[in-house]
Amino acid sequence: MTSTDSAPHFTHPDRNLAMELVRATEAAAIRATPWIGRGDKNAADGAAVDAMRKFLGTVNFDGVIVIGEGEKDNAPMLFNGEHVGNGRGPAVDIAVDPIDGTSLTAAGRQNALSVIAVSDRGSMLDASSVFRMNKIVTGPAGHGVVDLSQSIGDNIRALAKALGKPVTEIRVAVLDRPRHEGLIEEIRAAGAGTRLLLDGDVAGGINAARYESRIDMCVGVGGSPEGVITAAAVKALGGFMQGMLAPGDDEERARGIAAGLKMDTILSVDDLVQGDNTFFVATGVTDGGLVEGVRRKGPIIRTESIVLRSKSGTVRRVIADHLAEKWLEPDQL
């Protein structure tokens, strides 16, 4: 018997729910593609939401959406508290973003994704009452080295030392927003380079956690829902992440406190998503550093997806070819 014969995931393999979930992100990405570069982000998002809902309804689980896109009155949005799945199988929390980067899709820019994250029921932080979160994400080298309580310069220098490379080779992803002007200046003053993101900080965070990525760190204030979704992926990659809720005003802060959320507290990746049974699935809508976007090849539509699972520590890439006539309307063929 070899040493791998006794490994738990070899002797007791279990069913991988993520391979079912990828069908839902593929569907959302494909249905959104006719709207790429058309300037109508709502039409793209509506097509993706409708497709994702239909496919999630077939998945063998009892899912409750903790992080969705809208409220029940705004159908066809996937709303917080909505039940999805066929009601059989495990009870799970779900975070969905049928298109992370609707503006990117509408403009025809890179890094738009269709995303689903899943974890055990009751394990996913519902941060919907506070819209934004300050985040920092790195690969495994950041554990015990990087901390939100430190300055960005100290974090960059500490991570460079842990990675064994000069500060000048560190690349930091940050959303290109007016609120980050000072942060961007500090990153560059420390000697590191920036990778400015127009949108889609989920992809930025995941790329910071991946060992083969050119991005070493992702920082800044982005969406709280995107932070929780990113945490599910970071757990599967063994990366480091912290977040701190960033309410925009006193009213939002009061709503967060009333919802039981911790303000002025650094949240670990385990505070954002508890346990070690998370799934993360993303399909490219447009090309990006994480996955390629949907591509039309004659009668075929090709998708690329990334499938992550924390319990098994696996990262899968799924390339699928779909007959276009099965997916698009006659006037879209």
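Which residues are buried in helix 2? In this predicted model, the buried residues of helix 2 are A18, E20, L21, V22, A24, T25, E26, A27, A28, A29, I30 and A32.

## Helix 2

Helix 2 covers residues 18-32, 15 residues in all. From its first C-alpha to its last it reaches 21 Å, close to the 21 Å expected at 1.5 Å a residue.

Because 12 of its 15 residues are buried, helix 2 is largely enclosed by the rest of the structure. The buried residues pack against helix 3, strand 3, strand 4, strand 11 (279-284), strand 13 (300-309) and strand 14 (314-323).

## S114 in strand 4

Strand 4 runs over residues 113-120 and includes S114. This serine counts as buried because its relative accessibility is 0%, and buried means under 20%.

A polar atom of the S114 side chain lies 3.0 Å from the backbone oxygen of P98. Leaving out residues up to four places away in sequence, S114 touches T25, A28, A29, M52, D97, P98, V281, A282, T283 and V285.

## The largest pocket

The largest pocket holds about 740 Å³ of space. Its lining is made of 33 residues, and D97, D100, T102, F131 and E226 are those that lie nearest its centre. Two or more lining residues come from each of helix 3 (41-56), strand 1 (62-67), strand 3 (91-100), helix 4 (102-107), strand 8 (217-223) and helix 8 (224-237).

Which element gives the largest share of the lining of the largest pocket? Strand 3 does, with four residues. Sorted by class, the pocket lining has 11 nonpolar, 10 polar and 12 charged residues.

## The largest cavity

How many cavities of 30 Å³ or more are there? The count comes to one. The volume of the largest cavity is about 90 Å³, and 13 residues line it. Nearest its centre lie K135, D201, C218, V219 and G220.

Strand 5 (132-138), strand 6 (171-175), helix 7 and strand 8 each give two or more residues to the lining of this cavity. The largest share, five residues, comes from strand 8. Strand 8 also gives two or more residues to the lining of the largest pocket.

## V202 in helix 7

Helix 7 spans residues 201-209, and V202 has its place there. Is V202 buried or exposed? V202 is buried, because its relative accessible area is 1%, against a cut-off for buried of under 20%.

With neighbours within four places in sequence set aside, V202 is in contact with D100, E226, I229, T230 and F280. V202 and C218 are 16 residues apart in sequence, and their C-alpha atoms are 9.6 Å apart in space. C218 is one of the residues nearest the centre of the largest cavity.

## Loop residues

N111 sits in the loop between helix 4 and strand 4. Its phi is near 80°, a positive value in a residue other than glycine. N111 counts as partly exposed because its relative accessibility is 23%.

D264 belongs to the loop between helix 9 (250-258) and strand 10 (267-268). Although D264 is not a glycine, its phi is positive, about 55°. With a relative accessible area of 54%, D264 is exposed, the cut-off for exposed being over 50%.

The loop between helix 7 and strand 8 contains S213. At 17% relative accessibility, S213 counts as buried. A polar atom of the S213 side chain lies 3.0 Å from the backbone nitrogen of I215.

Notes:
Residues are numbered from 1 along each chain as its sequence is written. This is a predicted model: local features need pLDDT of at least 70, side-chain atom pairs count only at pLDDT 80 or more; totals for chains, interfaces and linings use all residues. Side-chain values use heavy atoms; hydrogens and water are left out. On a 1 Å grid over the protein atoms alone, a cavity is a set of points where a 1.4 Å probe fits but cannot get out, and a pocket is an open set with protein on both sides within 12 Å along at least five of seven lines; lining residues have an atom within 4 Å of a point. Grid points are joined across faces, edges and corners, and a volume is the space filled by probe spheres set on the points. Ala, Val, Leu, Ile, Met, Phe, Trp, Tyr, Cys and Pro count as nonpolar, Asp, Glu, Lys and Arg as charged, and the others, Gly among them, as polar. Buried means under 20% relative accessible area, exposed over 50%, partly exposed in between (1.4 Å probe, protein chains only). A polar contact is a pair of N or O atoms within 3.5 Å; within protein, one must be able to donate a hydrogen and the other to accept it, and residues adjacent in sequence count only if both atoms are side-chain atoms. Contact means heavy atoms within 4.5 Å. The expected span of a helix is 1.5 Å times one less than its number of residues.
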